[in-house]
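The entries follow the order in which I looked.

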Amino acid sequence: MIKTVYSKGKLVAKTGNEVVAEAMRQIEPDVVAAYPITPATEIVQIFSQFVADGIVKSEYVAVESEHSAMSATIGASAAGARAMTGTSSQGLSLMWEMLYIASGLRLPIVMAEVNRAISAPINIHGDQSDTMGARDAGWIQIYSENSQEAYDNMIQATRIAEKAKLPTLVTTDGFIISHCMEVVETYPDADVKAFIGKYEPERYLLDIKKPYTLGSIDLQDYYFEHRYQLAQAMRNAKNIVLDVAKDFEKTFGRKYDLCEKYMLDDAEIAIAVIGSTAGTAKVVVNELREKGIKAGLLKIRVYRPFPAEEIAKDLAHVKAVAVMDRADSCSGAFAPVYSDIVASLYASGVTNPKVVNYVYGLGGREINTGHIIGIYEMLCKIASGTEKSSNKVEYINVRIK
Amino acid sequence: MKKEERKLTAVEIPIGDIVEAETAVEFNTGSWRSERPVWNKEKCIHCLTCWISCPDSSVKIASDEKRITIVTGIDYDHCKGCGICARECPPKIKAITMEHEKK
Ligand code: SF4
Ligand code: SF4
């Protein structure tokens, strides 16, 4: 049975969308600008109801597209407001241009993102292609395994973004989390508000006593320095994420890290995965452990900044690793998480583990314990040397022939 | 020869493409000029149409002894010679004429 961890916590039954909207209600940003119909999920629609009912004091800006949603959020954030938005799938794609502007201007926008496939063909289901497409946009990306994490991540993201001066998106897997009802522990409004604190930007455009220009032209002589600053900010964000997690644990009792190691320390075979599939994989790990198989799991929570050294350390002793990607970068080579992990291992001098890449679950295609058992079985064979590890992307549960 | 300005480093520049206000003053847009507006003090009726029209705030103004705002000349460090002031000056007055910059 699910129990409260925080003394003043309350157990509620909510869908992922509802609980993310609940976090937004408690955070009560100054401005939320969004395009609240398809492809966005209900998150901003629920939030707009809070605004209409006078439950929050936030200014809600209903815009005509996601490009405008991000633009208005950027404007609000630059003006000095705590600003948020939410989107999904095609909506995130339409924001593409503005995503880079938000990070380039170092605006601490928080976005509630629901991972859904991108067209074509048209599909509305769970898939991480949307945020993987935004992985180089200079946004901090935090993925959630379930609704509880989504709620906790939203609260932490507000502080992370403001400290790092980087826009931050918190994601949930479409439908699997967004539309499923789960029991979640929420914390009292006052405690959430106390945790995130008051937003006091160092500089903001509406500060008429300290006027400045934001977003000017920056050619050969300074653009590179500004881009370096951004890359550096992302590197520095790792410690900020950890500091906020530490404080969150102290306050609300739930522990967070860049990655979660599940039975990994003594594991001989392991899966590395992002999002809700980590939950499914944990069930499999438990079953395998009962049979005496040393299976482990590495769940990547924070994908940007990428915890390269940490992952290399966590996986160094594992004989065979399967990296599961819920997005195919169509690179002709490998999927995004695999590429990042292999680069991290190699750069850290970790060459021991055999690492294979599995693409799964595109467009909401089922991924169940059976599929994951199959992956672990293959890892066992690779680890024992009876099977060679594949040097190309393997696909799970797709009809190829 | 002009000494080359020292370019600031990534730690020295303000983050996030912020530029301090009023830096336009430091740009000598006057060097772009191929024609210069010449203001005729005698003809001017101080209607301030040129001042309001100038995109570079290059029409100089001041208060006279009756505390009325009057035009006092052109700021040639920043006037880029677009000719808007001459064009907008009332046709019956024509207190600004554009003349070729002499080398
Ligand atoms: S020529 Fe153009 S820039 Fe110069 S004073 Fe007239 S309006 Fe201003
Ligand atoms: S527009 Fe002509 S008349 Fe009016 S203030 Fe300028 S120069 Fe003088």
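Predicted model: local features only at pLDDT ≥ 70, side-chain atom pairs only at ≥ 80, totals over all residues.

Residues are numbered from 1 along each chain as its sequence is written, chains are lettered from A and ligands numbered from 1 in the order in which they are written, and side-chain values use heavy atoms, with hydrogens and water left out. I found three bridges between E9(A) and E1(B), residues 18-20, and the two strands run antiparallel. Helices (H or I, at least four residues) and strands (E, at least two) are DSSP runs numbered from the N terminus, and two strands pair if DSSP finds at least two bridges between them. Within E1(B), I noted B:Glu20 as the bridge partner of A:Tyr212.

Entry 2, the rest of the interface. I looked up the contact (heavy atoms within 4.5 Å) and found that it takes 18 residues from chain A and 14 residues from chain B. The two chains bury about 1400 Å² between them, 56% of it on carbon and sulfur atoms; buried area here is the accessible area (1.4 Å probe) that two parts lose on being put together, summed over both. Of the area that chain A buries against chain B, A:Tyr222, A:His226 and A:Gln229 supply 34%, more than any other three residues.

I then looked for charged pairs, taking a salt bridge as a side-chain nitrogen of Lys or Arg within 4 Å of a carboxyl oxygen of Asp or Glu. Between chain A and chain B the count is one salt bridge, and B:Glu20 forms a salt bridge with A:Arg203, with 2.6 Å between the closest N and O atoms. On the side of chain A that touches chain B, the elements giving two or more residues are strand E9 (212-214) and helix H8 (223-252) of chain A. H8(A) gives the most to that side, with four residues. I also recorded how the residues of that side divide, namely six nonpolar, six polar and six charged, where Ala, Val, Leu, Ile, Met, Phe, Trp, Tyr, Cys and Pro count as nonpolar, Asp, Glu, Lys and Arg as charged, and the others, Gly among them, as polar.

A:Lys282 lies in helix H9 (residues 277-290) of chain A and A:Glu145 in the loop between strand E6 (140-143) and helix H6 (147-164) of chain A, so the pair ties together parts that are 137 residues apart in sequence.

A residue is near a molecule if one of its heavy atoms lies within 4 Å of it. Around ligand 2 I found 14 residues, the closest being B:Cys44, B:Cys47, B:Leu48, B:Cys50 and B:Cys89, and the shell divides into 12 nonpolar, two polar and no charged. Ligand 1 has around it, among others, B:Cys54, B:Cys79, B:Lys80, B:Cys82 and B:Cys85, and its shell divides into seven nonpolar, three polar and one charged.

I traced an open sheet of six strands in the order E10-E12-E11-E14-E15-E16 (chain A), with mixed pairing. Strand E10 (259-262) and strand E16 (394-395) of chain A stand at the edges, each with a single partner strand, so one side of each is left without a neighbour in the sheet.

A cis peptide bond joins A:Ala120 and A:Pro121, with omega about -5°.
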